[in-house]
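Please read it alongside the sequence and the structure shown here.

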Amino acid sequence: MPVPQPFKQLCFKLFVDARCYYLVGINPSGWLRSMRPPILLNVALLTSLCVLEQAAPPKFILTPEVQANLDRIRAASLRGDLSFIASDALDGRDTPSPGLDIAAEYIAAQFRRAGLEPAGDEGYFQTARMEVLAPNFEGFEITLGGGEHTYAAAPTDAVLTLSAAVDLKDIPIFKLDLGDSGSIEGLTPGQLNGKVVLIEFKRNVMRNYRTAARVLRSARPAAIIMVDRTGATGGSPGEAHLADPEQRAPTSPQITLLSAAASDFYASLKAGATDAKATIHVAAPQEKLVKLRNVIGILRGSDPDLQDTAVLVTAHYDHLGENADHRIYNGANDDGSGTVSVIEVARALSSLKPRPRRSIVFMTFFGEEKGLMGSRYYVRHPAWPLEKTIAQLNLEQLGRTDSTEGPQIANATMTGFDFSNVEEYLRRAGELTGIKIYKNGRESDLYFNASDNYSLAEAGVPAHTVTVAFNYPDYHAVGDEWQKIDYDNMARVDRTVALTVILLADGEQPPHWNESDPKAAPYLKAWKQHRQ
């Protein structure tokens, strides 16, 4: 129940007066000393009510005008957009590729149609100069040996991800078994430093892989070799990889081996530190400059006092391209669903009269599948000042309801659920639009750093990814097609997203990181640094 305004004013005045007098040692006319306990109790109670009211989820009445705009979000419109974005004509939207460029033009056209202001250096496009590093197989050698088992890779077996020449001889191999949850939970950087880390990747070990990846980022392995017999990583021999010339810090070379013989060698080793050794000689890659584009449009806020602050609504519009057999990864759910949802929410909110009080920045990123490259570039070159960006809602995998955890109808969740109070806005919007917002205790924290919200969170912005299914049968597979999307459910979730954006944009106070959650501490620290 809301606290009456006169009570709020009274308790605030009493609290401030009493606190000020106490801090400076003043007790006018002895009133604090002579105040009876019941009166003190009432002051404390009123003050507590004020604090509780301030911390409560945002209040909002869903007016017919707002409801009419939410109803503009339609399943048929989402289907129309996604059937193009995730079609074979765009060839899997790899970064970089002609298909990705076509997708960018399409998104910009929809932003233009919605009346958004262009916010890039080339109209709606924020251009980034990146490097494509093509493998050089001159003098190539990868030999893995241990006891009776030896494996020598052919160039046709290997997908190379490295930015410099590699020259390693007889380096100890550490076998990282993603099927052993116990060893993954106990993994430390010290176990991996200076080793060649050998991993076999399968789709059913994705959760353990994400846990291990966090440790690998903190470690200094000599090299990381991924064995992938099923093509789950999406790479193909001879494939070039993307690098950011602004971020050429030394990293461990990564090599993916696709052969059955590599898998057999992996199986021959015991888990953990081994007696096996690796010798790797690979020449420096060949470099080529390319231009890539984030797509950005702004819906300017209506409040003169708040319109210089903004809410960011994002998705990544790239995917994986083709596999070694030239089959197309169309990425309908990942993340075509998020891309078309950004477009549809922009269309709906651009028709609001009046517009939301704060500005809203709609954006689609390139290169998420290459390591959050588009969002990391944006953080270094923000179109809207980061200290004026109050929140980010990143949209990913909103279309499939056939989760590996069971059907997800009229449900949605978000990553880092307890890290900030953005959850309160999302939950309130869900209550008003018929979508249950819940915390996925198994996946919420694990996936926080797996999408483009993480780049903004590292810069201090309360940023989360909204999703329907963390895992589904065709994740990073050629079967992720637009015909498998539940468009009616996606439209309902998008209405919840749109209303959440309105709540954030119209709120008096911006959302904040949760100071009581230690997992949010690095993001809270970054928030403070950006506002000093």
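N489 lies in helix α15, which spans residues 487–506; helices here are DSSP runs of H or I with at least four residues, strands are runs of E with at least two, and both are numbered from the N terminus. This is a predicted model, in which local features need pLDDT of at least 70 and side-chain atom pairs count only at pLDDT 80 or more, while totals for chains, interfaces and linings use all residues. Residues are numbered from 1 along each chain as its sequence is written, and side-chain values use heavy atoms, with hydrogens and water left out.

N489 counts as buried because its relative accessibility is 3%, where buried means under 20% relative accessible area, exposed means over 50% and partly exposed lies in between, with a 1.4 Å probe and protein chains only. Not counting residues up to four places away in sequence, N489 touches T401, Q408, I409, A410 and V468, contact meaning heavy atoms within 4.5 Å.

A410 is placed in the loop between β19 (406–407) and β20 (411–414), and with 14% relative accessibility A410 counts as buried. Although A410 is not a glycine, A410 has a positive phi of about 55°. Once neighbours within four places in sequence are left aside, the contacts of A410 are G434, I435, K436, N489 and R492. The C-alpha atoms of A410 and T433 are separated by 9.7 Å, these two residues being 23 residues apart along the chain.

V468 belongs to the loop between β22 (463–467) and α15, and its relative accessibility of 1% is why V468 counts as buried. Leaving aside neighbours within four places in sequence, V468 is in contact with E396, Q397, L398, R400, T401, Q408, N411, Y438, N489 and V493. Along the chain V468 and A412 are 56 residues apart, yet their C-alpha atoms are separated by 4.7 Å.

## Helix α5 against α15

The helix that carries N489 also packs against α5: the axes of α5 and α15 come within 8 Å and cross at roughly 110°. Axes are lines fitted to C-alpha atoms, for helices over the stretch in contact, and angles run from 0 to 180 degrees between N-to-C directions. The angle therefore makes α5 roughly perpendicular to α15, on a scale where angles under 35 degrees count as roughly parallel, over 145 as roughly antiparallel, 65 to 115 as roughly perpendicular and the rest as oblique.

On the α5 side the contact is made by A75, L78, R79 and L82, and on the α15 side by Y487, D488, M490, A491 and D494. By class, the residues of this contact between α5 and α15 are six nonpolar, no polar and three charged; Ala, Val, Leu, Ile, Met, Phe, Trp, Tyr, Cys and Pro count as nonpolar, Asp, Glu, Lys and Arg as charged, and the others, Gly among them, as polar.

## Helix α5 against α11

Helix α5 (residues 75–85) also packs with helix α11 (residues 332–349), at an angle of about 135° and with the axes 9 Å apart. That angle makes α5 oblique to α11. The contact of α5 with α11 comprises six nonpolar, four polar and three charged residues. In α5 the residues involved are S77, L78, D81, L82 and I85, and they meet A332, G336, S337, V340, S341, I343, E344 and R347 in α11.

## Backbone features to check

Where do cis peptide bonds occur? One joins D334 and D335, with omega about -5°, and D335 is itself in helix α11. Another is the peptide bond from K353 to P354, with omega near -5°; P354 is found in the loop between α11 and β16 (359–365).

L372, in the loop between β16 and α12 (373–380), has a positive phi of about 60° although L372 is not a glycine. With a relative accessibility of 6%, L372 counts as buried.

## The chain as a whole

The protein chain holds 16 helices and 22 strands, and 55% of its 532 residues count as buried. Among contacts between residues at least 6 apart in sequence, 85% join residues at least 24 apart. The accessible surface of the chain comes to about 22,900 Å², of which 53% belongs to carbon and sulfur atoms; accessible areas come from the Shrake-Rupley method with a 1.4 Å probe, and for residues only the protein chains shown count as cover.
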